[in-house]
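Here is a short briefing to read alongside the structure. Have the viewer open and follow the topics in order.

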Amino acid sequence: MTVEIRVPALGESLTTATVARWLKNSGDYVQHDETIVELETDKVSVEVTAPSAGRLEDCVAVGTEVEIGGLLGAVDETAEAPAVPEPVAAEPAPVPKAAAQEPVASPARVTPPAPEAPKPVSVAPAPKLSSHEARERRVPMSRLRQTIARNLKAAQNTAAILTTFNEIDMSAAKALRAEYKDEFEKKHDGARLGFMSFFARAVVGALKDYPAINAQIEGNEIVYRDFVNLGIAVGTERGLVVPVLHDADQMSFAELERRIADYGKRARTGGLKLEELSHGTFSITNGGIFGSLLSTPILNTPQSGILGMHAIQDRPVVRDGQIVIRPMMYVALSYDHRIVDGREAVSFLVRIKQLVEDPRRLLLDL
């Protein structure tokens with residue numbers, strides 16, 4: 001009996017995938033539930049397992065675009081599993097006997113015939129490549145990279161994107177983190193206290209005051225939310241992905257840190273689930289981990305706002321009439337000017353500044 005291998009349901013809004021890699025070849029014997037092929041979608045990679053044990057047949061070629069329910073191959077259940085060969089003890093090599101000394105006759109000297117002159121063969125000259133062309137490589141774009149490019153361009157074509165900037169004195173946040181990070185890690189089962197949770201909580205607080213930045217346009221309507229699904233941008237070798245902290249407004253510092261660390265790890269290994277990449281309402285991207293001092297992040301449409309964090313750098317600033325050195329971070333808010341006014345955007349970023357510069361406000365909800 002032959003059992004068909006078909007493309008599984010891929011998740012919300014996904015209808016097609018690309019065959020990225022076969023882990024087994026046609027003719028191989030596979031076990032039930034053994035992973036045999038990887039599919040690449042617009043968001044994540046999906047592993048498909050063998051529906052039963054048997055011989056793999058009729059594998060669809062790598063690079064083929066397939067639809068949900070489409071045929072990927074088949075498993076012949078009637079095929080017998082290959083026999084496992086029993087180990088055979090190696091026999092000792094025979095000991096060579098001493099060869100008798102016998103006279104060896106020399107062969108008669110034969111004069112070889114004169115070689116014939118080779119006939120010239122006309123060969124078409126190879127096309128000459130420029131020094132640049134000879135050092136170029138062409139690699140097909142992955143489905144994920146194509147989708148990223150398409151979405152970024154669509155964001156620029158659709159939304160009226162504007163960016164406003166501010167800077168944050170990280171002194172208080174750094175001091176608080178230095179004082180409590182060890183105790184925090186022990187109490188919360190290894191969860192590390194980083195700066196991302198400060199900004200996540202600050203964003204949640206600021207979005208309550210300026211709900212338009214957490215809303216989106218649908219047709220001629222504005223959809224407001226009384227919850228925050230916070231996207232955290234993660235750069236991977238395959239491209240940028242934005243896993244979502246659903247109901248981030250209900251999470252503690254420890255839960256935020258745990259989830260962010262888990263998402264970052266699984267994003268780099270391709271282990272994110274489709275539902276973990278959907279329904280975001282606002283996003284944060286941190287170019288500072290790569291050394292960026294300033295940038296203008298692009299919206300993750302249909303969201304209306306994205307906060308850009310950057311590297312912390314000691315800079316001279318004026319405090320109480322004195323020039324002092326403080327750890328400063330530039331922050332940027334890109335927003336859709338169709339739904340968010342400049343006053344709201346600037347006030348939102350000032351609110352972020354207030355909350356991070358005085359973390360007690362985060363704890364007291366002030």
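Leaving aside neighbours within four places in sequence, which residues is leucine 72 in contact with? The contacts of leucine 72 are Ile5, Arg6, Val7, Val19, Trp22, Val37, Leu39, Val48, Asp58, Cys59, Val60 and Val66. Please keep in mind that this is a predicted model.

**The nonpolar core**
- The largest nonpolar core has 73 residues, and those touching the most other members are Leu72, Phe199, Leu230 and Phe282.
- Helix α3, spanning residues 195-209, gives the most to this core, with 10 residues.

**A four-stranded sheet**
- Four strands form an open sheet in the order β5-β4-β2-β7, and their pairing is antiparallel.
- At the edges stand β5 (45-49) and β7 (65-67); each has a single partner strand, so one side of each is left without a neighbour in the sheet.
- From one strand to the next, the twist averages 40 degrees.
- Over 3 bridges, β2 (residues 16-22) pairs with β7 in the antiparallel sense.
- Across from alanine 17 stands valine 66, which belongs to β7.
- Helix α1 (residues 143-158) packs on the sheet, where it touches β2, β4 (35-40) and β7.
- The direction of helix α1 makes about 145 degrees with that of β2.

**Arginine 315**
- You will find arginine 315 in strand β18, which covers residues 312-319.
- Is arginine 315 buried or exposed? Arginine 315 has a relative accessible area of 12%, so it counts as buried, the cut-off being under 20%.
- Not counting residues up to four places away in sequence, arginine 315 touches Glu167, Val324, Ile325, Arg326, Met328, Met329 and Tyr330.

Terms used: Residues numbered from 1 in each chain as written. Predicted model: local features only at pLDDT ≥ 70, side-chain atom pairs only at ≥ 80, totals over all residues. Heavy atoms only, no water. Core = buried A, V, L, I, M, F, W, Y, C linked by side-chain atoms within 4.5 Å. Buried < 20%, exposed > 50% of the residue type's maximum accessible area, 1.4 Å probe, protein only. Helix = DSSP H or I, 4+ residues; strand = E, 2+ residues; numbered from the N terminus. Contact = heavy atoms within 4.5 Å. Pairing = 2+ DSSP bridges. Axes fitted to C-alpha atoms, helices over the stretch in contact; angles between N-to-C directions.
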